[in-house]
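Subject: Handing over the two-chain model

Dear colleague,

I am passing on the structure below, and after it you will find my notes on what turned up in it. Please keep the structure open beside the text while you read.

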Amino acid sequence: MDQLHLQEMKENLERLVQDGQLQGKKIYLFGHCNATEELADLLLKQNYSVTAILDNNQAKHGSYYRKIIIVPPQDILKETQGESIVCIAARAYAAMVEQLNRLGYTGIIRKIVDYNSYAEYSLSADTIARKQERVKRGMVKLREIRKSYPGYFKFLCPFSALGDIYFTMSYLPYFIQNRKIGRWMIAVIGNACAKVVKLFGDVLVMVLSQKDMDEAIQAALFTNAADVFIPHQDRPYVVNLSKALYIKQISLEKIYCCGVFGLSESTKPFKPVNLRVFQGKEQIKPGKTVIFSPYAKSVTALKGEFWERVVDEYLRHGYLCYTNVVQNEVPLPGTLPICPDILEIQSLVELAGVFIGIRSGLCDVIREADCRKIALYPDYCYCDTKWKAIDMYHIEGWENIVVGEEVSWTIN
Amino acid sequence: MVQKNKMQYLENLKSDLQKYDKIFLVLGEEKTVPPFLTAFCSVILAESKEKVLVLSVFHMENEEEYLAIFRKITGKDALNLSRLYRMYEFSDRFFILSPDKTFGGIFNFLETGLLDRGEVFRALLYGKING
């Protein structure tokens with residue numbers, strides 16, 4: 001998960017601890033995802049025990065994260081309700097609260113991270129008035145964007161994820177052609193996403209905060225803005241593409257190609273054109289360096305012991321080992337930190353010779369690199385579906401490996 | 001009185017969200033929506049174990065057969081519901097079904113041949129992604 005949300009999670013958790021709300025309570029988490037795992041880690045670090053993770057996905061029931069069992073949401077009803085607390089660090093917070101209420105749970109529920117400013121499951125006059133104000137703020141933001149880019153069609157990307165932006169840019173030119181769009185610009189959240197846009201050429205890109213983006217998108221929806229398109233596979237709430245996964249396994253790339261942009265399955269994606277040479281060649285042993293990427297935003301993490309085993313193996317064979325890190329991320333033990341510019345990272349891994357990463361958006365950014373590329377997948381199901389992460393995120397031309405409980409690693 | 005009438009759609013919505021598991025508002029053009037409604041409601045009646053309500057401003061063929069799940073509403077109520085839906089996510093059990101030019105949608109899978117019509121209906125009825 002990103003650093004801002006992690007910080008928010010830590011602060012909210014600290015508040016719960018200070019207020020004594022966790023004291024003597026059986027702690028449940030809801031929704032097994034990367035953020036929930038982070039929350040579990042934080043709780044365990046503070047010596048709290050987590051009774052279970054509630055999750056709607058039957059395929060996950062009975063499995064464990066750090067000895068915490070994953071169970072159906074209705075299991076919460078087995079508890080004496082005044083003695084339990086459900087902590088939620090998932091985007092579907094409002095839906096989860098409603099589900100718990102409908103099940104008859106009357107205990108404490110706490111939001112640990114605010115991932116979703118669109119949702120509030122209430123029709124009270126107070127809520128509606130607040131949401132009207134939010135739309136008004138969004139209209140102001142949208143007006144500002146229009147003023148900065150008069151006459152331009154606007155693509156508003158709702159989520160800060162490199163992979164989503166990569167797929168958007170891969171298919172956007174076809175969409176622009178089909179819709180006969182003339183001048184256009186794209187707005188994203190964060191500089192890293194802006195860099196991914198720039199990989200695809202000299203594009204007009206604007207960086208917004210998550211809050212401004214959410215509100216501008218809401219205003220665009222509310223006003224049926226004819227000069228805006230929101231290119232995302234499951235955000236905001238009006239986008240119903242993920243429901244198709246109940247019926248059929250469709251890779252994330254195909255969801256973008258066919259579902260978001262309405263293009264035929266055989267459409268060939270555009271590739272990055274604006275690549276730069278890595279400015280730090282002296283740090284790299286050409287062909288004998290590994291770039292590790294152990295961090296991902298949405299995919300659940302792999303165990304530290306696994307990474308240690310892989311790093312040891314490469315060090316033993318005389319490889320130089322780096323961990324790609326951003327902000328406060330910590331390099332894997334035995335590796336050095338490296339933080340290349342996104343425009344240079346393909347050049348870096350090609351020089352290094354080997355890239356090994358958990359399947360994240362970074363893998364998309366370097367998917368065309370000419371080197372050994374290994375994408376690692378935790379053995380888990382995607383959201384509420386029966387499809388595994390590897391089914392959804394598999395990359396052609398890569399070594400795609402599912403990491404289970406026991407994985408030995410040898411260098412071929 | 002005017003205010004009361006104005007807010008009646010909201011009271012109906014609150015009550016419907018209590019009564020039904022899922023509510024679909026079907027919007028679109030008159031030439032395409034009624035056949036869609038008939039086909040969609042047939043699948044719901046035949047297959048769904050949930051309590052589903054379908055709302056639309058249009059008539060459909062053999063409307064009386066679908067009274068349990070279909071309700072015709074006024075254009076004004078449809079507009080109010082649509083505006084509310086576009087203002088914020090007030091429930092994950094209320095959906096508007098109409099192709100929209102502002103974002104992608106499941107009907108693109110139908111047009112690109114990834115799903116057939118029955119699969120789209122079932123995805124809309126049963127699909128729930130709760131990450």
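**Chain B**

Among the contacts in chain B between residues at least 6 apart in sequence, 56% join residues that are at least 24 apart, where two residues are in contact if their C-beta atoms, placed from the backbone, lie within 7 Å. Before going further, please note that this is a predicted model, in which local features need pLDDT of at least 70 and side-chain atom pairs count only at pLDDT 80 or more, while totals for chains, interfaces and linings use all residues. Residues are numbered from 1 along each chain as its sequence is written, and chains are lettered from A and ligands numbered from 1 in the order in which they are written.

Chain B has 5 helices and 4 strands, and from the N terminus on its elements run α-β-α-β-β-α-β-α-α; helices (H or I, at least four residues) and strands (E, at least two) are DSSP runs, numbered from the N terminus. The C-alpha trace of chain B spans about 50 × 35 × 30 Å along its principal axes. A compact globule of 131 residues would have a radius of gyration near 14 Å, and chain B, with 15 Å, agrees with this; the radius is taken over C-alpha atoms, and the globule rule is 2.2 Å times the number of residues to the power 0.38.

Of the 131 residues in chain B, 36% are buried. A residue is called buried if 20 or more other C-beta atoms lie within 10 Å of its own, exposed if 12 or fewer do, and partly exposed in between, with C-beta atoms placed from the backbone. B:Pro34, which is found in helix 2 (residues 33-47) of chain B, counts as partly exposed because it has 18 C-beta neighbours inside 10 Å. Leaving aside neighbours within four places in sequence, B:Pro34 is in contact with B:Phe58, B:His59, B:Met60 and B:Glu61; the C-alpha atoms of B:Pro34 and B:Phe58 are separated by 6.3 Å, although these residues are 24 apart along the chain.

In helix 5 (residues 117-126) of chain B, the residues B:Val120, B:Phe121, B:Ala123, B:Leu124 and B:Leu125 are buried, and what covers the buried residues of this helix includes helix 2, strand 4 (94-97) and helix 4 (107-111) of chain B.

**Chain A**

The secondary structure of chain A comes to 12 helices and 16 strands, and the domain assignment, which is automatic or taken from a database, gives domain 1 (3-111), domain 2 (125-260) and domain 3 (281-403). The centres of domain 1 and domain 2 of chain A, taken over C-alpha atoms, are separated by 31 Å. Buried residues make up 45% of the 412 residues in chain A.

In chain A, 6 strands form an open sheet of mixed pairing in the order 3-4-2-1-5-6, where two strands pair if DSSP finds at least two bridges between them. Strand 3 (64-65) and strand 6 (108-111) of chain A are the edge strands, each pairing on one side only. Strand 1 (residues 26-30) and strand 2 (residues 50-54) of chain A run parallel and are joined by 4 bridges; A:Leu29 stands opposite A:Ile53, and the bridge partner of A:Ile27 is A:Val50. Because 4 of its 5 residues are buried, strand 2 of chain A is largely enclosed by the rest of the structure.

In helix 3 (residues 93-103) of chain A, the buried residues include A:Tyr93, A:Met96 and A:Leu100, and their cover includes strand 1, strand 5 (84-88) and strand 6 of chain A. This helix is followed by A:Gly104, whose phi is positive, near 105 degrees.

**Where the chains meet**

The contact between the chains takes 48 residues from chain A and 32 residues from chain B. Helix 4 (125-148), helix 7 (210-222), strand 10 (228-229) and helix 8 (252-260) of chain A each supply at least two residues of the side of chain A that touches chain B.

With kind regards
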